[in-house]
Amino acid sequence: MKAAIMIGQGAMILFMTLISSAVSTAATVSGSEAAVVTADETSFSCIRDMTPVRHFYVDNLLGDIEGTLAAANSPEGAIYPTGSVVQLVPTEVMVKREPGTSPATSDWEFFELEVNESGSTIAKRGFVDVMNRFDGNCFTCHVPAKEKWDFICESGHGCEPIPINHKMTGALQRSDPRCGETALESGDTMALIKLKTMVIIGMTKKWLEDLF
Ligand code: HEC
């Protein structure tokens with residue numbers, strides 16, 4: 001009787017070993033889908049070293065830049081592949097995490113960075129509750145573009161337009177402090193001054209709202 005139990009246990013252990021090796025083989029076979037996206041402050045550097053698409057930049061932390069570019073250039077919209085990184089300005093980043101990480105955001109993780117000459121630090125990261133420096137919720141603004149465009153707003157994808165134009169976002173890209181030398185074009189200084197003024201007015205308004 002005791003021997004029978006022991007044989008039974010042995011068979012069970014053998015069975016479990018077979019199952020776990022089958023599972024790990026399946027994980028290896030499915031390739032990039034099982035790959036882990038590691039996003040930390042070393043993942044983000046000079047925005048202009050990424051690949052330009054129209055007025056913004058893309059990259060892929062798993063090396064699938066072709067997949068990311070195909071999604072970004074699809075005229076009908078597409079789901080961006082795992083590992084995709086999208087940036088319009090140096091301080092705000094969207095990273096496509098592993099499938100199933102966050103169904104509400106279609107697996108996008110939102111980042112608010114602090115950037116300076118020595119690199120990036122992550123001020124905030126997360127899914128539905130990340131606020132940018134102007135107290136705006138990334139997810140809330142981007143969710144109207146969920147269908148078809150996978151949360152990428154650009155223009156005409158359903159998001160409310162922001163009061164910052166592409167001359168201003170271009171000037172911010174060309175003056176990213178992580179790139180070393182700035183590469184300003186004519187009109188950039190004026191665009192940056194305008195932007196700064198808007199931020200000051202915005203902040204003053206917020207300050208007044210807080211007071212009254
Ligand atoms: C007030 C609404 C609003 C908030 C808050 C906001 N965004 Fe956006 N975001 C937009 C709009 C609109 C665009 C498109 C702007 C354009 O190209 O004219 C955009 C563009 C972008 C882009 C370029 C790709 C695209 O969708 O066009 C990225 C990346 C991005 N935002 C990330 C973020 C992150 C990360 C946060 C939070 C830290 C954030 N955004 C907060 C409205 C917002």
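Where is Phe151 found? Phe151 is found in the loop between H4 and H5. The points below concern a predicted model.

1. Phe151. The phi of this residue is near 75°, a positive value in a residue other than glycine. Phe151 counts as buried because it has 25 C-beta neighbours inside 10 Å, the cut-off for burial being 20 or more.

2. Lys148. Lys148 belongs to helix H4, residues 146–149. Its 13 C-beta neighbours inside 10 Å make Lys148 count as partly exposed, since a residue is exposed at 12 or fewer and buried at 20 or more.

3. Architecture of the sheet. Six strands make up an open sheet, and their order is E1-E2-E3-E4-E5-E6. The pairing in this sheet is antiparallel. Strand E1 (51–53) and strand E6 (119–126) stand at the edges; each has a single partner strand, so one side of each is left without a neighbour in the sheet. On average, neighbouring strands of the sheet are turned by 30° against each other, direction ignored.

4. Pairing of E3 with E4. These two strands pair in the antiparallel sense over three bridges. Gln87 has Val93, in E4, as its bridge partner.

5. Pairing of E4 with E5. Here the antiparallel pairing runs over five bridges. Glu92 has a bridge partner in E5, namely Glu112.

6. Pairing of E5 with E6. Seven bridges join E5 and E6, again in the antiparallel sense. The two strands form a hairpin, with two residues between them. The bridge partner of Val115 in E6 is Ser120.

7. Helix H2 on the sheet. Helix H2, residues 65–72, packs on the sheet and touches E1, strand E2 (56–60) and E3. The direction of H2 makes about 145° with that of E2. Which residues of H2 are buried? They are Thr68, Ala71 and Ala72. Seen down the axis of H2, these buried residues fall within an arc of 100°, so they line one face of the helix. The buried residues pack against E1, E2 and E3.

8. Helix H5. In this helix, residues 166–174, the buried residues include Met168, Ala171 and Gln173. Helix H6 (188–211) is among the elements that cover the buried residues of H5.

9. Which of the 25 residues around the ligand come nearest? They are Leu88, Gly136, Cys138, Cys141 and Cys153. The elements that give two or more residues to this shell are strand E3 (84–87), strand E4 (92–96), strand E5 (108–116) and helix H3 (138–142). By residue class, the shell around the ligand divides into 15 nonpolar, seven polar and three charged residues.

10. Sheet and ligand together. E3, E4 and E5 each give two or more residues to the shell around the ligand. E3 is joined to E4 by three bridges, and E4 to E5 by five. E3 is also touched by H2, and the buried residues of H2 pack against E3 as well as against E1 and E2.

Note on methods
Residues numbered from 1 in each chain as written. Predicted model: local features only at pLDDT ≥ 70, side-chain atom pairs only at ≥ 80, totals over all residues. Near = placed C-beta within 6 Å. Helix = DSSP H or I, 4+ residues; strand = E, 2+ residues; numbered from the N terminus. Nonpolar A, V, L, I, M, F, W, Y, C, P; charged D, E, K, R; others polar. Pairing = 2+ DSSP bridges. Axes fitted to C-alpha atoms, helices over the stretch in contact; angles between N-to-C directions. Contact = placed C-beta atoms within 7 Å. Arc of directions from axis to C-beta.
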